[in-house]
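Hi,

Here is the structure I said I would pass on. Have a look first, and my notes follow below.

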Amino acid sequence: MKKKLEKIKYTLKHKIAFLKVEKQLRGKNTLSGYLHDIDKPLLYLFCFWMSIQDIHKFHRKHSKHHVKNDLKKTHSDLLDTVIDWECARMTKPDKPLNAYETLITFYPEYKSTYLPVIKKYLPQQVKEKE
């Protein structure tokens with residue numbers, strides 16, 4: 001349970017950073033922003049039979065802001081993904097890349113989908129040749 005409590009703290013710090021970046025990029029916070037990753041702390045607290053790894057798998061499969069799932073995504077969902085990538089470096093020492101670097105490093109096959117969003121909201125990150 002101690003590890004799950006540490007994960008809750010980690011997730012809540014990330015949520016605060018998400019809301020900060022969302023406000024900067026969207027100009028306001030949205031319901032989607034307030035609900036961002038809320039399933040994880042709830043699963044950590046109440047689904048004692050699920051491992052941390054199972055919770056992460058569940059979250060990725062059922063969250064539109066995660067790239068590799070079969071959920072249909074709106075422009076708002078794509079922006080949520082970019083916000084998620086951008087704010088991860090603020091609170092997650094294991095994830096130091098900005099949104100553009102995350103796209104190019106981990107999801108280059110999704111470049112045509114996410115690069116236009118990054119160009120619109122974080123143009124300073126995009127290399128000149130892109």
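Is aspartate 80 buried or exposed? Aspartate 80 is buried, with a relative accessible area of 5% (buried means under 20% relative accessible area, exposed over 50%, and partly exposed in between, with a 1.4 Å probe and protein chains only).

Before the rest, a word on where this comes from. The model is predicted, so local features need pLDDT of at least 70 and side-chain atom pairs count only at pLDDT 80 or more, while totals for chains, interfaces and linings use all residues. Residues are numbered from 1 along each chain as its sequence is written, and side-chain values use heavy atoms, with hydrogens and water left out.

Back to aspartate 80. Its side chain meets that of arginine 26 in a salt bridge (2.9 Å, N to O). That pair links distant parts of the chain, with arginine 26 in helix α1 and aspartate 80 in helix α5, 54 residues apart. For the terms: a salt bridge is a side-chain nitrogen of Lys or Arg within 4 Å of a carboxyl oxygen of Asp or Glu, and helices (H or I, at least four residues) and strands (E, at least two) are DSSP runs, numbered from the N terminus.

Arginine 26 also forms a salt bridge with glutamate 22, at 2.8 Å from N to O. Both of these sit in helix α1, 4 residues apart, about one turn of the helix. Glutamate 22 is buried, and its relative accessible area is 0%. Put together, Glu22, Arg26 and Asp80 are linked in a network of salt bridges.

The structure holds 6 salt bridges. Another one of them joins aspartate 77 and lysine 64, whose closest N and O atoms are 3.9 Å apart. Aspartate 77 lies in helix α5 and lysine 64 in the loop between α4 (52-62) and α5, so this pair ties together parts 13 residues apart in sequence. Aspartate 77 is buried at 12% relative accessible area, whereas lysine 64 is partly exposed at 38%.

Lysine 4, in helix α1 (residues 2-26), is worth a look too. It is buried yet has no salt bridge, and the nearest side chain of opposite charge, aspartate 54, is 8.4 Å away (Lys and Arg count as positive and Asp and Glu as negative; His and the chain ends are not counted). Leaving out residues up to four places away in sequence, lysine 4 touches Tyr44, Cys47, Phe48, Met50, Ile52 and Ile55 (contact means heavy atoms within 4.5 Å).

Now for a helix pair. Helix α5 (residues 75-91) and helix α7 (residues 111-121) pack at about 70 degrees, with axes 10 Å apart. Axes here are lines fitted to C-alpha atoms, for helices over the stretch in contact, and angles run from 0 to 180 degrees between N-to-C directions. The two helices are therefore roughly perpendicular to each other (65 to 115 degrees; under 35 is roughly parallel, over 145 roughly antiparallel and the rest oblique). On the α5 side, His75, Leu78, Leu79, Thr81, Val82 and Trp85 meet Thr113, Tyr114, Val117, Ile118 and Tyr121 of α7.

Aspartate 37 has a positive phi of about 60 degrees although it is not a glycine, and it is buried, with a relative accessible area of 4%.

Cheers
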